[in-house]
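Here are a few notes to read alongside the structure.

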Amino acid sequence: ILKSHRTLTDDLNKFPFPDYSIYGSLDGLAISLFGPQEKFILPVMTGRGCPYKCTYCANTALLDMYKGEGSYIRKYNIDALINELKILRDKYNVEYFEFWDELFMVNIKYSLAFFERYGAEIGLPFSINARVEKMDDNFCRMARAAGCYYIWFGIESGSERYRTDKLGRKMKNEDILRAAENAKRHGIRRLTFNIVGMPFESLHDAEETLALNQLIAPEIFCFFTYVPL
């Protein structure tokens, strides 16, 4: 009995992509978090891992667990990934992809290179999970040109003080508003993630979260009740 955590494989490209053929058909199996319901949507991932250590996220424990043990942040080779997406599009008639990476934009250079290939070779709308610190005008412009329909980003708390001191999220409210405006300017719909009922959160903190969302006016906003696991 080995009482240790599982060893990571640094190179994701050693693993095959999921074998959807075992289902015969994907009709009725598509899953969508927040995409357009009239389209056949399939969740996919471009990689594993997130470099940020938000206090409320399991990723913090995983980063500590695998510290010094190779690369926890891993991405598929773009050529292999584009080929897989072509197969899913052509064989299973997928109409929309949702990228379920913990953080799509771990490597901005990779993300922008992927956008260029995706826009030219795949041509389907998609959603990504992003960080406001990385959502500058150029990123949003290229994402939209590639087909980005929705961009999801976490606010968690509208209180800068609480967000910094308790959640490990260092961005300012002005950073959040600027990122949201960048996405809107390029025609990308926005979805915000928020948490209420967190330890040491005041009613005023929660009201600030609501007020910040009202300023952004995202197409979808999600308020989750804090639940310790």
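The points below go from the chain as a whole to its cysteines.

1. This is a predicted model, in which local features need pLDDT of at least 70, side-chain atom pairs count only at pLDDT 80 or more, and totals for chains, interfaces and linings use all residues. Residues are numbered from 1 along each chain as its sequence is written, and side-chain values use heavy atoms, with hydrogens and water left out.

2. The chain has seven helices and eight strands, counted as DSSP runs (H or I, at least four residues, for helices; E, at least two, for strands). Its radius of gyration, taken over C-alpha atoms, is 19 Å, close to the 17 Å of the globule rule for 229 residues, so the chain is as compact as a globular protein of that length. That rule is 2.2 Å times the number of residues to the power 0.38.

3. Of the 229 residues, 44% are buried, meaning under 20% relative accessible area with a 1.4 Å probe, protein chains only.

4. For Cys50, the nearest cysteine sulfur is that of Cys54, 6.5 Å away. Cys50 counts as buried because its relative accessibility is 10%. For Cys222, the nearest cysteine sulfur belongs to Cys148, 16 Å away, and Cys222 is likewise buried, at 10% relative accessibility.

Notes:
Buried < 20%, exposed > 50% of the residue type's maximum accessible area, 1.4 Å probe, protein only. Disulfide = S-S within 2.5 Å.
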